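Here is a short briefing on one protein model. Take a look at the sequence and the structure, then work through the points by topic.

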Amino acid sequence: MTASRRTSPTREVEAVADRLHSAALHLLRRLRTEDDALGISPPRLSALSVVVFAGPLGIGALATAEGVAAPTMTRLVDGLEELYALLRDDMRLLVEYKFFEPAFYSTDLPDWGTALLVCRRLGPKAQVLVDTGHHTQGTNIEQLVAILLEEGALGGFHFNNRKYADDDLIVGSIAPFELFLILNEIADARRDPATAQTAERVALMIDQSHNVEGKIEAMIESVVNIQTAYAKALLVDRVLLREAREAGDVLGAHRVLKDAFETDVRPLLAHLRRQLGLEPDPIEAFRAAGHAERLADERGTTSAPSAYEAL
Ligand SMILES: [Mn+2]
């Protein structure tokens with residue numbers, strides 16, 4: 001019984017398999033030495049061999065052949081292309097970006113350049129959405145806004161303000177001069193035939209969230225701050241600004257902008273609102289009307305306590 005087991009077909013197959021396994025390992029070691037001599041990493045060699053035998057192929061097909069997931073950008077664009085194909089002629093797709101929090105967002109679309117790249121792959125109905133709080137500290141937002149306007153690629157704004165890591169604060173509450181400079185680019189682009197069409201279609205939105213200030217009053221504050229900054233942008237002397245820029249007079253150009261920024265436009269805005277049949281001071285009117293208190297009475301304030309409701 002013992003002898004017949006030793007020479008059974010199963011045993012012979014196992015012995016052959018062992019020898020094949022050993023030979024394959026030796027071969028792989030020899031090949032590894034040859035691969036090392038080429039100075040190309042094994043994954044690259046593997047991908048190259050697929051291209052050599054299969055011929056030219058797209059990145060997605062290569063990823064499938066290699067058994068790896070397609071690059072994030074490819075999958076993102078593939079997904080957006082399906083959506084893009086469904087857009088009516090009067091619809092646009094605005095692509096937002098953010099360099100931090102959460103990681104699946106920041107690793108896919110970390111900045112305006114990546115968003116622009118995605119838009120370029122999709123087509124003219126895809127444009128970049130600038131969320132003013134989604135940049136690294138000190139980013140020159142008005143500059144990237146000007147570039148996107150020149151490229152016909154500025155689709156809209158998510159206005160807010162940012163202080164360190166909190167990117168959803170009341171618009172214009174931290175950096176009113178920055179808001180003015182951004183809106184100055186919009187005002188400028190509206191007057192330039194090359195950029196007017198893009199500028200007129202820019203979607204103006206507010207993306208803010210706060211838990212100390214009352215929701216409605218903070219939103220009105222943001223709208224008023226945007227109106228104020230835009231009114232100042234309309235006061236910029238474009239002729240003097242262009243002359244200063246063309247002469248390389250940096251401080252002269254700065255003074256032209258500062259003159260407009262330091263003008264008190266509140267009386268002008270109040271006058272305009274009265275002409276439109278509106279309250280001259282929206283925040284004062286909101287406070288005097290007691291709307292927030294009435295809502296709080298109606299809806300109750302004890303079901304979901306927060307810092308605001310405790311006030
Ligand atoms: Mn946003």
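Val 52 sits in helix H3, which covers residues 42-54. This is a predicted model. Val 52 and Asp 90 are 38 residues apart along the chain, and their C-alpha atoms are separated by 45 Å.

**Overall build**

- The protein has 16 helices and 6 strands.
- Its radius of gyration is 31 Å, whereas a compact globule of 311 residues would have a value near 19 Å.
- Along the principal axes, the C-alpha atoms fill a box of roughly 110 × 60 × 40 Å.
- Buried residues make up 20% of the 311 residues.
- Take the contacts between residues at least 6 apart in sequence: 64% of them join residues at least 24 apart.

**The largest nonpolar core**

- Nonpolar side chains tend to be buried together in soluble globular proteins.
- The largest nonpolar core in this model has 41 residues.
- Which elements give two or more residues to this core? They are helix H7 (112-122), strand E2 (126-131), helix H8 (141-150), strand E3 (154-159), helix H9 (176-191), helix H11 (215-235) and helix H13 (250-261).
- H9 gives the most to this core, with 8 residues.
- The residues with the most contacts inside the core are Val 95, Trp 112, Ala 115, Val 128, Val 145 and Leu 183.
- Leu 183 is in contact with Ala 229, Tyr 230 and Ala 233, leaving aside its neighbours within four places in sequence.

**H8 against H9**

- The axes of H8 and H9 are 8 Å apart, and the two helices pack at an angle of about 20 degrees.
- H8 and H9 are therefore roughly parallel to each other, since angles under 35 degrees count as such.
- Their crossing is right-handed.
- On the H8 side, the residues that meet H9 are Ile 141, Glu 142, Val 145, Ala 146 and Leu 149.
- On the H9 side, the partners are Glu 178, Leu 181, Ile 182, Asn 184, Glu 185 and Ala 189.

**H9 against H11**

- The axes of H9 and H11 come within 8 Å and cross at roughly 55 degrees.
- That makes H9 oblique to H11.
- The crossing of H9 and H11 is right-handed.
- H9 brings Pro 176, Leu 179, Phe 180, Leu 183, Asn 184 and Ala 187 to this meeting.
- H11 brings Asn 225, Ala 229, Tyr 230, Lys 232, Ala 233 and Leu 234.

**H12 against H13**

- Helix H12 (residues 238-246) packs with H13 at an angle of about 160 degrees, and their axes are 7 Å apart.
- H12 is therefore roughly antiparallel to H13, as angles over 145 degrees count that way.
- The crossing of H12 and H13 is left-handed.
- Leu 240, Leu 241, Ala 244 and Arg 245 in H12 meet Gly 252, Ala 253 and Val 256 in H13.

**Backbone details in the loops**

- Where is Glu 101? Glu 101 is in the loop between E1 and H6.
- Glu 101 has a positive phi of about 45 degrees, although it is not a glycine.
- Glu 101 counts as exposed, with 10 C-beta neighbours inside 10 Å.
- A cis peptide bond joins Glu 101 to Pro 102, with omega about -5 degrees.
- Pro 102 lies in the loop between strand E1 (93-96) and helix H6 (103-106).
- Tyr 164 is another residue other than glycine with a positive phi, near 50 degrees.
- The place of Tyr 164 is the loop between strand E4 (161-163) and strand E5 (166-169).
- Is Tyr 164 buried or exposed? Tyr 164 is exposed, with 7 other C-beta atoms within 10 Å.

**Pro 71**

- Pro 71 lies in the loop between helix H4 (59-65) and helix H5 (72-85).
- Pro 71 has 12 other C-beta atoms within 10 Å, so it counts as exposed under the cut-off of 12 or fewer.
- Pro 71 and Ala 194 are 123 residues apart in sequence. From C-alpha to C-alpha, Pro 71 and Ala 194 are 36 Å apart in space.

Notes. Residues numbered from 1 in each chain as written. Predicted model: local features only at pLDDT ≥ 70, side-chain atom pairs only at ≥ 80, totals over all residues. Core = buried A, V, L, I, M, F, W, Y, C linked by C-beta atoms within 7 Å. Helix = DSSP H or I, 4+ residues; strand = E, 2+ residues; numbered from the N terminus. Contact = placed C-beta atoms within 7 Å. Rg over C-alpha atoms; globule rule 2.2 N^0.38 Å. Axes fitted to C-alpha atoms, helices over the stretch in contact; angles between N-to-C directions. Parallel < 35°, antiparallel > 145°, perpendicular 65-115°, else oblique. Left-handed = near helix turned anticlockwise from the far one by under 90°.
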